[in-house]
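This report concerns the contact between two chains and the surroundings of a ligand. The structure is shown first.

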Amino acid sequence: MLTLDKLQQIKKEHRPVLEARLREAGNVDIHEDGSIVLNGDYYKKQVRIALKNCGIINPGSIEDYISVDGYSAFANLLFNKSRADIIEDMTASNLRGRGGAGFPTGRKWAEAFKYDDDQKYMICNADEGDPGAFMDRSILENDPHCVLEGMAIGGYAVGATQGFIYVRAEYPIAVKRLKIAIEQAKELGILGKNILGTGFDFDIELRLGSGAFVCGEGTALIESIEGKRGMPRTKIHRTAHKGLWQKPTIINNVETYANVPVIFQRGVDWFRSIGTEKSPGTKVFALVGKVEKAGLVEVPMGMPLREIVYDIGGGVQNGKAFKAVQTGGPSGGCIPAELIDTPVDFESLAKIGSIMGSGGMVVMDENTCMVDIARFFLDFTVEESCGKCVPCREGTKRMLELLDKVVEGNGEEGDIERMVSLADTITSASLCGLGQTASNPVTTTIHYFRNEYEAHIKDHKCPAGSCAALLEYFITDKCIGCGKCAKACPVSCISGKLKERHVIDQEQCIKCGACMEACPPKVSAVIKR
Amino acid sequence: MVKLIINGKEIEAKEGTFILEAARENGIDIPTLCYDKELTNFGGCRLCVVEVEGSNKLITSCSSLVKEGMVVHTETPKVVKIRKDILDLLYSNHPKDCLTCEKSGECGLQDLCYRYGIKDGSYKGEVKKYAIDSINPVMERDQSKCILCGKCVRVCAEIQVTNTIDFTDRGFNSKVTTEFDNPIDRHNCRMCGQCITACPTGALINKQLKGIRPWEVKKVRTTCPFCGTGCNFDLNVKNGKVVGVTPNPDSPVNGKSLCVKGRYHSDFINSEDRLIKPLIKKNGEFVEASWEEALTLVADKLKHTRDTYGGDAITGLSSARCVNEDNFVFQKMMRVAFGTNNVDHCART
Ligand SMILES: Cc1cc2nc3c(=O)[nH]c(=O)nc-3n(C[C@H](O)[C@H](O)[C@H](O)COP(=O)(O)O)c2cc1C
Ligand code: SF4
Ligand code: SF4
């Protein structure tokens, strides 16, 4: 049987092996306090808690994990802390759910802890369905044990003996590594019966999701684990009281669980010293879009957007102007350039109409059309609505049709007001978070970029020059009459004599842009307008 | 008991009651298209939203429990705006053929559109269009009229326990259908017709009642003659003729449930093949006779057989269609009047 001594011995024996390997690789700094961090400019401003082992340990080695103090928090809590005290610490840490809503984890755990039942469950939500989000994936693939440890601590605290990780099947590497990690933990005796001789049993199984975004919603996820169609339930009872198979159930996000062991290793005060008062700790973001250095960044809550985009991300690609940043994925909002000094935490983002969400952060430059961006996200929600409730199923579809109309240049007076009113209905009447937040991309872009909507509708122009239906390709008098554009045009709608200015027949033009590409760069006579 | 106020009216409700039920019990009608107290909660139509003081969110009264001191408003401007929008969205995706729809007059969607003044679906976009499924003898399914309330799915799974239908696809393309999208027919369905009763729209129609407007019929409650269970239902009578059956929710034995026979086989009443007078075979031909003559003949023959060959030369077979009392009397007759234990029942095996 595994004992505390044995755990410490593994660490003692294996730590030098790990350090030697890392020194050889040379991509980390090993500090005196034992912490190991990735070196390089990209990481300088980052504070890594959830990602602290990513890129450092070998995810396939439980010894590596133990060498960086893995499972020490769990083992310590089993022997030295009562369940009630663990819940109290969790509440005091004010760790808020990283899956999107930011609900305090301690309060959630307390509900299940207090509710008496013969069986309770811990679920890890690893469905990560937001387009462009890969924070959870990174944790699962690079540090699977920290998620298992977080779940085991939660299980012990609330009195659950069975855990499930609901992971999307589109993450085959994550699935494989989780399987290996669970096997290793069981073999060693970290999971299973009578863990460390304390009498506590805890097991974890995987459940694979098949790629429905809505299955990330807690109750739809539960339905899916129960073998039913993934549709959200009515919220008569709390999941913490009646969840999976009507038993008390805790659902937390991958990143939330990844924070748990560290909080217990380093203490509540340490954790609260990072981030803000109401949003302590860090958050991982998938910084993508038109940014120089895209990637995963983990920063203290409250860091201004500007620092993330410029200091870490290196600013906008190709020296273009920064226009907006979209946070929170399809449920989030677009934040305009003038609000770039907004601190990134749950409250501040909510105040300006966006959300933290799971951590998507899409940077947009001057050539991004905000109406089209709203349309892009709506297109996603329309596809992913489960179809259960009317406002979301029918409403998002109509919203998309209205947006289609606008980007195609057929918008009418009153369409903006119509969208605002429809958004209100969808938001206030939908059953689950998907519908309740689906309109955010539309309402925030109307709020901050109303003039762009108006330009599309009234002037039939797309100010960003991105909506194909609203722009024309035009040959200016810089044309030298080389004829390259005419040859490139797939519908042969460019005419002109050699060495004379060419003209595009706008009626025939399909707006493919081939002429613009064909025009010699030195000449650049073809413009979009 | 819990005390609460709905629309200014102080009411009492049992703990664990949904607001919608508590309101109904007190004569306050909150609209809904997907709620049915016999089925599990669904919360899909969102029409039952209400405002509760102290919360800035709308809540669905079909799935929120009453709480002590709660102050509920069921028809505020905000609530009415949302309901109108929802009905508009539903009707925008609906074939607008109410004038010829079989369900007209007893359609939940029509009633609510009338109540909230929805004349036309204002969203002009894609409208779903599915082929009508009508290959089976008793029901017609037009998914273009389906509002996806899920009542049929739930009644099939939870009351009939057959699971013939379920939701498929997602979002705007969701539909309720059978496995592999096959037509509904005998091979996948028990034809009990519970879903027809559950359906608030013209998506599921009893073929027998096609061509008969709901307001043309007089409903006459009766007990089903097909078996001894004692289900009640309403015979639908038009111009003095029984044209079909609809369930009556007040039926003590069966509620709204009926089986395929009870629901559809009232057609025997007016069948030309129905025997209404006894026939006696004379010289190889059936000849009409009086009841007196026929019963006398049967009694004489039975008596003769018993007296000549003994009671055991006779056997009696009774039927599941008879009530217990009739079956009791029958076996008594066999044993006492005929002196034999040869008595059995068609449903014994
Ligand atoms: C449509 C929808 C999709 C969601 N997808 C995810 C997801 O992929 N991963 C996740 O952790 N939470 C997701 N959530 C949030 C969960 O419902 C839930 O709040 C979260 O898993 C709770 O964990 P936390 O408190 O640790 O954040 C989603 C919510 C909605 C409404
Ligand atoms: S809001 Fe959308 S995803 Fe959520 S239950 Fe309703 S239809 Fe399904
Ligand atoms: S067929 Fe009728 S009962 Fe079934 S989901 Fe559609 S509208 Fe509801």
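## Salt bridges across the interface

In this predicted model, the side chains of A:Glu384 and B:Arg170 form a salt bridge, with an N to O distance of 3.4 Å. The interface of chain A and chain B holds 4 salt bridges by the rule applied. Polar contacts between chain A and chain B link 20 residue pairs, with both residues at pLDDT 80 or more.

## Elements and residue classes on the side of chain A

Three helices of chain A each give two or more residues to the side that touches chain B: H15 (370-384), H16 (390-407) and H17 (415-429). The largest share comes from H16(A), which supplies 8 residues. By class, this side of chain A comprises 11 nonpolar, 8 polar and 11 charged residues.

## Extent of the interface

In total, 30 residues of chain A are in contact with 34 residues of chain B. The two chains bury about 2,800 Å² between them, and 55% of this area lies on carbon and sulfur atoms. Within chain A, the residues that lose the most area to chain B are A:Arg229, A:Arg393 and A:Arg398, which together account for 21% of what that side buries.

## Surroundings of ligand 2

Which residues are the closest to ligand 2? They are A:Cys386, A:Cys389, A:Cys392, A:Cys432 and A:Gly435, within a shell of 13 residues. That shell divides into 8 nonpolar, 4 polar and 1 charged residues. Under the classification used, Cys counts as nonpolar and Gly as polar.

Notes. Residues numbered from 1 in each chain as written. Chains lettered and ligands numbered in written order. Predicted model: local features only at pLDDT ≥ 70, side-chain atom pairs only at ≥ 80, totals over all residues. Heavy atoms only, no water. Contact = heavy atoms within 4.5 Å. Buried area = accessible area lost by both parts, 1.4 Å probe. Polar contact = N/O pair within 3.5 Å; in protein donor to acceptor, adjacent residues only side chain to side chain. Helix = DSSP H or I, 4+ residues; strand = E, 2+ residues; numbered from the N terminus. Near = heavy atom within 4 Å.
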